[in-house]
Amino acid sequence: MATQATRGEGRVSPVFLALVAIMAVSIWAVWTDYSASPGFAVFLFVVSAWIVSLCLHEYAHARTALHGGDITIGSKGYLTLNPLKYTHALLSIVLPVVFVIMGGIGLPGGAVFIERHRIRGRWKHSLISAAGPLTNLVFAVVVTAPFWLHALDGVPDNFRYALAFLALLEVTATILNLLPVPGLDGYGIIEPWLSPKVRRQVEPFAPFGLLAVFGFLWIPEVNHAFFDMVDAVLRALGITEWDTYWGQELFRFWQGTPEIPPLNALDLG
């Protein structure tokens, strides 16, 4: 059975290339302080990079499913990295971006539609579900590399803060997506190992899993505990709450340009 997409089915979409171009230009604008509004440049960089990571997240699901046996993946356009091709474009792209703007949370999106009956083997099903959050994890490692490699000498402060806020989104997305909640990838990883009876009982709740997670995050105690864990992970990677705070403040350019104290006046370790 063929598991390779045709050349057309695997060609990178111009939409994705445009997103990468916007990300590259906004990185340059943040680095050089070229933009009249530093916050708007940070906003463009973080949003474009976030959407790129979401596209890669869904692509990882699709590519793994293709090699797992679902040969219909290519014809659905999932391998083109075009966000407009996803079955749940609203859940996969629009809502995560809205939540970033509203609250600085890296909300996981809805997965691409995979014909699971074509795939044999529990490990393959688990790997398909794990591929998405693992992509966010890799993205987080790359974004935080300048921090844990202590390679920030000469890096403009605004770029440092933008990277830190982007890292916050990737870490939150990774953690949330790995929760064993129906509808999220964490549950998809363990689902193949559950009994058919348990899966039938849980299945009706899958469409509401993401909403339930969002609802729990509105509970102050849960929210504080969650972000304490996120901050602990970021600190282990060399990112302080100072970095993420000013990254988010810059990101919210509509509130005006914040007055950020000079970084060289602080001892951030």
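## Aromatic pairs and helix packing

Phe 159 is buried, with a relative accessible area of 10%. The model in which this residue sits is a predicted one. Phe 159 belongs to helix 5 (residues 157-177), while Trp 31 belongs to helix 1 (residues 14-32), so their pairing ties together parts that are 128 residues apart in sequence. The ring centres of Trp 31 and Phe 159 are 5.1 Å apart and the planes stand at 65°; because an angle over 60 degrees counts as edge-to-face, the pair is placed in that class. Trp 31 is partly exposed, with a relative accessible area of 39%.

A further edge-to-face pair is formed by Trp 242 and Trp 246, at 5.7 Å centre to centre and with 70° between the planes. Both residues lie in helix 10 (residues 241-251), four residues apart, which is about one turn of the helix. An α-helix has 3.6 residues a turn, so residues three or four places apart point the same way. Trp 242 is partly exposed, with a relative accessible area of 22%, whereas Trp 246 is buried, at 11%.

The total for the model is 16 aromatic pairs.

| Aromatic pair | Centre to centre | Angle between planes |
|---|---|---|
| Trp 31 and Phe 159 | 5.1 Å | 65° |
| Trp 242 and Trp 246 | 5.7 Å | 70° |

Helix 5 also takes part in helix packing. Its axis and that of helix 9 (residues 220-236) come within 10 Å and cross at roughly 120°. Helix 5 and helix 9 are therefore oblique to each other, and the crossing is right-handed. On the side of helix 5, the contact is made by Ala 167, Leu 168, Val 171, Thr 172, Ile 175 and Leu 176. Helix 9 contributes Phe 226, Phe 227, Met 229, Val 230, Val 233 and Leu 234.

Helix 4 (residues 122-148) packs against helix 5 at an angle of about 155°, with the axes 9 Å apart. Helix 4 and helix 5 are therefore roughly antiparallel to each other, and their crossing is left-handed. Among the residues of helix 4 in this contact are Pro 133, Asn 136, Phe 139 and Phe 147. Those of helix 5 include Arg 160, Leu 163, Glu 170 and Asn 177. Ala 167 and Val 171 of helix 5 are listed in the contact with helix 9 and also in the contact with helix 4.

Helix 4 also holds His 125. This histidine is buried, with a relative accessible area of 13%. Leaving aside its neighbours within four places in sequence, His 125 is in contact with Arg 116, Ile 119, Gly 188 and Pro 192.

Helix 2 (residues 38-68) has 31 residues and reaches 45 Å from its first C-alpha to its last, close to the 45 Å expected at 1.5 Å a residue. Helix 2 is mostly covered, with 25 of its 31 residues buried. After helix 2 comes Gly 69, whose phi is positive, near 135°.

Key: Residues are numbered from 1 along each chain as its sequence is written. This is a predicted model: local features need pLDDT of at least 70, side-chain atom pairs count only at pLDDT 80 or more; totals for chains, interfaces and linings use all residues. Side-chain values use heavy atoms; hydrogens and water are left out. Rings of Phe, Tyr and Trp (its six-membered ring) pair if their centres lie within 6.5 Å; planes under 30 degrees apart count as stacked, over 60 as edge-to-face and the rest as tilted. Helices (H or I, at least four residues) and strands (E, at least two) are DSSP runs, numbered from the N terminus. Buried means under 20% relative accessible area, exposed over 50%, partly exposed in between (1.4 Å probe, protein chains only). The expected span of a helix is 1.5 Å times one less than its number of residues. Axes are lines fitted to C-alpha atoms, for helices over the stretch in contact, and angles run from 0 to 180 degrees between N-to-C directions. Angles under 35 degrees count as roughly parallel, over 145 as roughly antiparallel, 65 to 115 as roughly perpendicular and the rest as oblique. A crossing is left-handed if the near helix is turned anticlockwise from the far one by less than a right angle, and right-handed if clockwise. Contact means heavy atoms within 4.5 Å.
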